[in-house]
Amino acid sequence: MPGTDALDDASADHERFGAELIAQDQDAARVAVADIDDGRAHALVNDLVDDDVVTPIPDERVLVHEPSDEAFDSILQLAVFHRGWIAACDIVGGGQ
């Protein structure tokens, strides 16, 4: 920048500040989905079955997550998937 003092140039500071704000926003938007144990997974999936969000298919030994049409043979995987799916829907829908 000819004719200006290098100490007065704050463009790099502005870019770093913007990048930091974006990183903070991304951290705030992240939802912890992997911190679920077997007991909580069973309780969540039981609630989802009661609410007709998950359909058990006994012959195939799978659970179908109706909104996404994904099938799971693990209650823990289904619980983690559902929490992530809900978080993604909240972000896409504008809520958090």
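## Strand pairing

Thr 55 has Val 64 in strand 2 as its bridge partner. Strands here are DSSP runs of E with at least two residues, and helices are runs of H or I with at least four residues, each numbered from the N terminus. The pairing belongs to a predicted model, in which local features need pLDDT of at least 70, side-chain atom pairs count only at pLDDT 80 or more, and totals for chains, interfaces and linings use all residues. Residues are numbered from 1 along each chain as its sequence is written, and side-chain values use heavy atoms, with hydrogens and water left out.

Strand 1 and strand 2 run antiparallel and are joined by 4 bridges; two strands pair if DSSP finds at least two bridges between them. These strands form a hairpin with 4 residues between them, and Arg 61 in the turn has a positive phi of about 55 degrees.

## The sheet

Strand 2 (residues 62-65) is also joined to strand 3 by 3 bridges, again antiparallel. Here Leu 63 has Phe 72 of strand 3 as its bridge partner.

Together, 3 strands form an open antiparallel sheet in the order 1-2-3. Strand 1 (54-57) and strand 3 (70-72) are the edge strands, each pairing on one side only.

## The nonpolar core

Leu 63 and Phe 72 are also members of the largest nonpolar core, which has 10 residues, including Ile 36, Ala 41 and Ala 79. Such a core is a set of buried Ala, Val, Leu, Ile, Met, Phe, Trp, Tyr and Cys residues joined through side-chain atoms within 4.5 Å, where buried means under 20% relative accessible area (1.4 Å probe, protein chains only). Helix 2 (38-50) and helix 3 (75-93) each supply at least two residues of this core, and helix 2 gives the largest share, 3 residues.

Conventions:
Buried means under 20% relative accessible area, exposed over 50%, partly exposed in between (1.4 Å probe, protein chains only).
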